[in-house]
Amino acid sequence: MKRFALAFTALLGASQLMSSCKKDYLEENPASLYTPQTVLVDSLGFESAMAGLQSVVREQYTRSDEQGLLGMMQEGTDVAIPGQVQGAEIPYYNYTLLNAQDQAASVMWSWAYRTINNCNQIIAGAATAPATLRQGYKNRISAEARFFRAYAYNFLVTLWGDVPLVDAPVTSPRTDFTRTPVADVNAFIINDLTTAIPSMFNASKAVSGRITQGAAQQLLGEVYLRTKQNALAEQVLQSLINSNQYKLITARYGVRASLPGDYFSDMFIIGNQRRNQGNTELIWGVEQQLLVPGATTNAQQRRMWVPAYYNIKGMALADSLGGRGLGRLRLSNWVDYRLYTAQDMRNSKYNLKRRFYYNDPTQTATYGKRVTGLAGSDTIYNITPYTTKWNQFDPSDTFGFGTIKDITMMRLGETYLLLAEAQFNQGKLAEAAASINVLRTRAQAPQVTASQITLNFILDERARELIGEEQRRITLVRTGTLVERTLRLNGASVTGLTDKNLLLPIPQTSIDLNSSGGLTQNPGY
C-alpha cells in the first residue's frame, strides 16, 4: 500500500481515478491505474469527475491515517507547540529529524500530484468533449479544475521550490520527471487562474460547495504576493472586496444567535458555516457532514486543537467544551499571553477558551469550581487555552473520531490581510493600516496607525484573525519569516531550525523510482 502512496510515478497513475478511496487505486491489475473510471462526454460524467476531484482535494486536511499530520502546518512555527503528539508532526518542531524519508512531506507531496492529475483529466476532457455539450459549461468545469490545479501547484512551489510540472494526464508509467524552475511554475499557476476567472460563477450563482470567482481571485492575489507582484496583488484583492459578493460578519446570526456568544464565534458553529446558512464572509469551504446515520468523515482538526480536558478528575465530556479532543498541539505562550489585547473580540471566551470549571456533578467537592493548580503535561494537552473554532460534538460519536465540521479554506477576513500585505510591500502604509483597521473595527480592537504597520505586525494580525484556520507554515514560508519569527517567538519549543527548512525534502522514494529523470533533492536533505 505504502509504495503507491509514496512513489511519485505510481501516484500520478493512481490519481487518474476520480475517487479518494485508497482501495480504488490498489486493484491488482496495474493497467487499471491509468484508466479513468468516468467517461467525460456529458455533464453527468464531468460532474462525477468533479465530485471525485473534490474528494481528493478534501484529503489534504481530512486524512486520518496520521493523526498528527495537521501539526506539520502549525508546530515548529510561531503559533503552536507539541501537545499529545502522534508522530507525523515530530520532525516539524525537532527539525534535526526532518529528512527525505519524512512521512508528512510524502503524504502532502502525493496528495498534490494526485490532485493535479485529476485536474488534468478534467481539463483535457473538456477540451475534447463533444460539441453537443455547451461550450459555456465546458469552460466552467475546466475553470474549476484549473483553480484546483493552481492551488496544488501553489502549495508545492511554496513548500518545495522547483517541482515537476505536469500539465497533461499521465496515462502510462513514467520515470523521467525533472524539476521545473519556480518561475515557470509560477507563470503556469497565474495563467491557470487568469484563464479560469472569467468562466467561473460568482458567489451568488454558484452551487454550495463549488469553487467561485472569488476563490480564484483570492488565490491569484496570494500568488502575486509570493511572486512579489504587489501592485497586481492589490488590484485583484481590491477587486474581490469591491465585488460586494462577500461581506464581513458584524452581527449575530444563525442557530445560536439567541444564546451567549459573539458574531465572530458565530462563523464557526455547525449550522452557520456555509453561505446558505448565513455566512456571507465565506469564500471557499470544504463541506463535511454526516453521510449516513452514524457515519462521519475522520478529519483530525478537533483532535488537534481541543484539549483532552476530560482526563482531569472532575471534568466530564461536554458539548460546551468542544467535544472530545486530544490536545495534539497547544497554542504557543506568545499566542496565549502576548498576542491579543483584552478587548479584542477574537480573544473573547467564546473564541479562545482560557478558563475551565469542574463540570462533573458526581464530584461534589469540586463541581462548579475553577480548575487551577495543575502542572506538567496537564497544562500541555489537558487543560490549556485553545481556539474554539474546532469545537464540535456528535452525540452518536462520543469517542470523537468523526468530524462533521466544515473547513474554512478562504474567507473575506483574510482578503483584507492579504490586501494590507500588498499595500505595505508598496510602501502604502496608510492604506495598509486602513485595511487592517476594517478587521480591528469588526473585532472591537484598538485602531492602528500607519507608523505601526510592518510585515511582522501584519503577520501578528493574521494570527489574531486566522488562528486555527490558516496553515501557518505556508504563510511564514511564503513571507520568508519562518526561521526568524519561530526562533524569536517560540524558540523554546523548537530544535534545529535553519534556513534549509524553508523548503521541505522531496520524498526519497519518488527520487529513487524516477530512474530516468533528474529529480534532485533539496539542499541539506
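1. A word on terms before we start: a residue is called buried when its relative accessible area is under 20%, exposed when it is over 50%, and partly exposed in between, using a 1.4 Å probe and protein chains only. With that in hand, Arg114 is buried, at a relative accessible area of 7%.

2. Please keep in mind that this is a predicted model, in which local features need pLDDT of at least 70 and side-chain atom pairs count only at pLDDT 80 or more, while totals for chains, interfaces and linings use all residues. Residues are numbered from 1 along each chain as its sequence is written, and side-chain values use heavy atoms, with hydrogens and water left out.

3. Back to Arg114, which forms a salt bridge with Glu59 (a side-chain nitrogen of Lys or Arg within 4 Å of a carboxyl oxygen of Asp or Glu); here the closest N and O atoms are 2.6 Å apart. The pair links distant parts of the chain, 55 residues apart: Glu59 sits in the loop between helix H3 (43-58) and strand E1 (80-82), and Arg114 in helix H4 (residues 103-128). Helices (H or I, at least four residues) and strands (E, at least two) are DSSP runs, numbered from the N terminus. Glu59 is buried as well, with a relative accessible area of 13%.

4. A second pair worth a look is Lys389 with Glu469, whose side chains meet in a salt bridge at 2.6 Å, N to O. Lys389 lies in the loop between strand E5 (386-387) and E6, and Glu469 in the loop between helix H15 (455-466) and helix H16 (472-478), so the pair ties together parts that are 80 residues apart in sequence. Lys389 counts as buried at 6% relative accessibility, and Glu469 is buried at 11%.

5. Lys389 and Glu469 also belong to a network of salt bridges, whose other members include Glu281, Asp344, Arg346, Arg411 and Arg440. By the rule above, the count comes to 33 salt bridges.

6. Arg462 is in helix H15 and Glu414 in helix H13 (residues 412-425), 48 residues apart. Both Arg462 and Glu414 are buried.

7. Gln218 is buried, with a relative accessible area of 1%. Not counting residues up to four places away in sequence, Gln218 touches Leu237, Leu240, Ile283, Met410, Arg411, Glu414, Thr415 and Leu418, where contact means heavy atoms within 4.5 Å. With Thr415 there is a side-chain to side-chain polar contact of 2.4 Å (a pair of N or O atoms within 3.5 Å, of which, within protein, one must be able to donate a hydrogen and the other to accept it; residues adjacent in sequence count only if both atoms are side-chain atoms).

8. Now the strands. Five of the five residues of strand E2 (residues 282-286) are buried, so E2 is largely enclosed by the rest of the structure. E2 pairs with strand E6 (residues 407-411) in the antiparallel sense over four bridges; strands pair if DSSP finds at least two bridges between them. Val286 has Ile407 as its bridge partner in E6.

9. E6 also gives the largest share of the lining of the largest cavity, five residues. On a 1 Å grid over the protein atoms alone, a cavity is a set of points where a 1.4 Å probe fits but cannot get out, and a pocket is an open set with protein on both sides within 12 Å along at least five of seven lines; lining residues have an atom within 4 Å of a point. The largest cavity holds about 500 Å³ of space. Of its 28 lining residues, Tyr151, Met409, Glu469, Glu470 and Gln471 lie nearest its centre.

10. About 920 Å³ of space lies in the largest pocket. It is lined by 32 residues, with Arg256, Ser320, Leu321, Tyr350 and Asn391 the closest to its centre.

11. Finally, a backbone point to check by eye: Lys228 has a positive phi of about 65 degrees although it is not a glycine. Lys228 lies in the loop between H7 and helix H8 (230-242), and is exposed, with a relative accessible area of 69%.

Terms used:
Points joined across faces, edges and corners; volume = space filled by probe spheres on them.
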